[in-house]
Amino acid sequence: MLRCCVHLAILFLIGLTTFEAHADRRVALVIGNSEYREIPALKNPDKDADDVSDTFRLAGFEVFAAKDLTRLQFEERFRHYLAAADGADLAVVYYSGHGFQIGGENFLIPVDASLKDAADMEVQAIKVDDILRQLRSRSKIQMIILDACRNNPFPRKDYWLRDQLIVAGGSGLAQVTGSQNTLIAFATEPGAVAYDGSGDLSPFSSSFSRRALAPDQEIRSVMAAVRRDVVKATNGKQVPWENSSLLDDVVLMRGAEQPAPPPLDAQQNEQVAERGIQVADAAEAIGSRDIRVPVGVGPVPLKLDLPAKDASISLKLASYPATGTLSLPDRVLSPQSSLMAAEVDNLRYEPQIGSAAPVEVGFEIRLGNAAKRATIKLSPGVDPCDQAAGEPLDLQGIVPGRLPNEIGGGALETCEAAVKSYPDIARFRYELGRALLAAGRIDEARQAIQEAADKGHIRALFALGTIASSGTGTAVDTSKANDLYSKASDKGDPYALAAWGRALFNGLGVERDTGKGLDLLLQAAAMGHVDAMKELAVIFEEGRNGLPADPARALAFLQAGMERQDVYSMGILGLSAHPARTTPVVMACKAPKVITKIKVVRVPVSKPKTVTPPKVKPTPTETGRTFWTGGSSHAAPTGGGNTGDGEGDGGNTGSDGL
């Protein structure tokens, strides 16, 4: 009778916990930049990043942690993070490192930035507004926390921002205005400088890591406590600051998520000795297993099939996976979590996008005084469809991607299988559409891409716009194309940002808006889109639509394209591309005069220009090929750059094509 009551009490507590549990998706990107190459290093950010990463993990976040990021490394890590943040309830970016303001704009500084020339800010630094804009389009609530309010460490003070040469004034970071349900926190008040402190951690990061773990504390209360701590630690010299438009309460560390089972009485302790075998059986059943888990399909059930169903058995996480997230259907688990035997069969794991290394999970299995440890291995794997037909710079994708002429014959079969296995994953339908295009099955491709767009895949909207602008199987519809580009651009897609920005800047089928068009092109370039970089290089080399010619600024964007292995940028700069060359040797990059006449063949619009190009090889995109323009003759695009399996010398950097 007593045992029955104990079981009922445990089941009641589990049910109560389930009722109060939260299954919110929460992701955090934590960056610590310390080892700068051109300017003095900072002593705290790497340790700040470790400490804050641990804090977010303990609070049940999926954490993307990174240190000493170059500009290119930031682009890659940020894309992986955005893919994970798609549809998140709360998305957080925490940055510790050099940062400063110019003209009211805040910039974070990668470790390889030199900022020697006026054009360098746009291609070397990271604009905080660009980060915030991407988060807004993907998550319900956004938080940006910046321990980066430091003096400008660079000797140069004037930089190009959009259409103005701005002279840096003041110090620290500028105030940022967020949209609804956004919190932006600074280590100190706008325009002031933050301090490193005398310990291993900055005063701000040290206080945040401690205060954020207070159970059931709303974030605004946490930040108020952090402010008091930092003011006291710096004798009033540093006052943390935040802007908040939060509509919902945000609690980082929730209360105890799983109550421990009631203590056992003497009679039950005697029974433990008889049932101790269950602990050993459980450890043997789940231990030493290597489970393959697909990446990018959501939480995957581990199906551990624990043989012991005694409700008194509990499992505590002895070691949490280094990357990815463990969860139950009703809650995300943290490194301190415990679960009962009845819950083990529902345990799930979601691998971190961009991380292919196997991880281990350790359990301590307990029943009364008996305890035993077990470890399982989880091996992330990318679906063959992603490998065969994933697209570059797809912010909902999980791989670097392939260009259209790199999609092989096997892609169709693998993507059909992926759609069948994961019918709710829009990405696979879009990749199936790409494989169908490569196979020349245009009508089926259009249908698959439309289905992907209907399910929320943003790149599919851009692809439909490209089909409309090219008139594949129908009349050219520039208005429809621009509408689709605009919608995908609002969601932050780099391809759409470039296409819509180009249309606005040049007035292609829409009323010209030079300022907005330039902004969108700069946003696309900031996300690593080399076609946008080439477009900007042309604009600044020639001087267009009221913008003055500036060969040095054009050169900066071509160099940025070259760093991303773009063959067209390299060709203009007199370089040869090779996939094995990770750091191309600059042969002619010091004098602006190396930029000669730049010629671009654009995507046709409703009233194409009547310009007859000379009989030379068509101007390539960044892959060395012409734009895809639809029709059966374009089903398998050809040209320079990579072909087949992508082993050519053209690089793999993305394009406006499908």
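How many helices and strands does the protein chain have? Then go to the pair α12 and α13: at what angle do they pack, and which residues meet?

Reply: A word on the source before the details: this is a predicted model. The protein chain has 20 helices and 20 strands. The chain runs to 658 residues, and 55% of them count as buried. Its accessible surface comes to about 26900 Å². Carbon and sulfur atoms hold 51% of that surface. Take the contacts between residues with a separation of 6 or more: 69% of them join residues 24 or more positions apart.

Now the pair you asked about. Helix α12 covers residues 426-438, and helix α13 covers residues 442-454. Two packed helices are described by the angle between their axes and the distance between the axes. Here the angle is about 165°, and the axes lie 8 Å apart. Angles over 145 degrees count as roughly antiparallel, so α12 and α13 are roughly antiparallel to each other. The crossing of α12 past α13 is left-handed.

The contact itself can be listed residue by residue. From α12 come A426, R429, Y430, L432, G433, L436 and L437. From α13 come I442, E444, A445, A448, I449, E451 and A452. By class, this contact has 10 nonpolar residues, 1 polar and 3 charged.

E444 deserves a separate look. It sits in helix α13 and is among the residues that meet α12. G433, on the α12 side of the contact, is 11 residues from E444 along the chain. Their C-alpha atoms are separated by 7.4 Å.

Helix α16 (residues 494-506) and helix α17 (residues 514-526) cross at roughly 155°. Their axes come within 7 Å. That angle makes α16 roughly antiparallel to α17. The crossing of α16 past α17 is left-handed. On the α16 side the contact uses P494, L497, A498, W500, G501, R502, L504 and F505. On the α17 side it uses T514, K516, G517, L518, L520, L521, Q523 and A524. These residues divide into 10 nonpolar, 4 polar and 2 charged.

Next, a residue in a strand. L328 belongs to β15, which covers residues 325-328. With a relative accessible area of 2%, L328 is buried. Beyond residues up to four places away in sequence, L328 touches L333, L339, E343, N346, L347 and R348. N346 lies 18 residues from L328 in sequence. The C-alpha distance between L328 and N346 is 5.9 Å.

Most residues other than glycine have a negative phi. L115 has a positive phi of about 50°. L115 lies in the loop between β5 (105-108) and α4 (120-124). It is buried, at 1% relative accessible area. L393 also has a positive phi, near 60°. Its place is the loop between α10 (384-389) and α11 (411-421). L393 counts as buried at 8% relative accessibility.

D117 lies in the loop between β5 and α4, the loop that holds L115. D117 is partly exposed, with a relative accessible area of 47%. Neighbours within four places aside, D117 is in contact with R156 and Y159. D117 and A552 are 435 residues apart in sequence. In space their C-alpha atoms are 8.4 Å apart.

Back to your pair, in brief. α12 and α13 pack at about 165° in a left-handed crossing. Of the residues in their contact, 10 are nonpolar.

Key: Residues are numbered from 1 along each chain as its sequence is written. This is a predicted model: local features need pLDDT of at least 70, side-chain atom pairs count only at pLDDT 80 or more; totals for chains, interfaces and linings use all residues. Side-chain values use heavy atoms; hydrogens and water are left out. Axes are lines fitted to C-alpha atoms, for helices over the stretch in contact, and angles run from 0 to 180 degrees between N-to-C directions. Helices (H or I, at least four residues) and strands (E, at least two) are DSSP runs, numbered from the N terminus. Angles under 35 degrees count as roughly parallel, over 145 as roughly antiparallel, 65 to 115 as roughly perpendicular and the rest as oblique. A crossing is left-handed if the near helix is turned anticlockwise from the far one by less than a right angle, and right-handed if clockwise. Contact means heavy atoms within 4.5 Å. Ala, Val, Leu, Ile, Met, Phe, Trp, Tyr, Cys and Pro count as nonpolar, Asp, Glu, Lys and Arg as charged, and the others, Gly among them, as polar. Buried means under 20% relative accessible area, exposed over 50%, partly exposed in between (1.4 Å probe, protein chains only). Accessible areas come from the Shrake-Rupley method with a 1.4 Å probe; for residues, only the protein chains shown count as cover.
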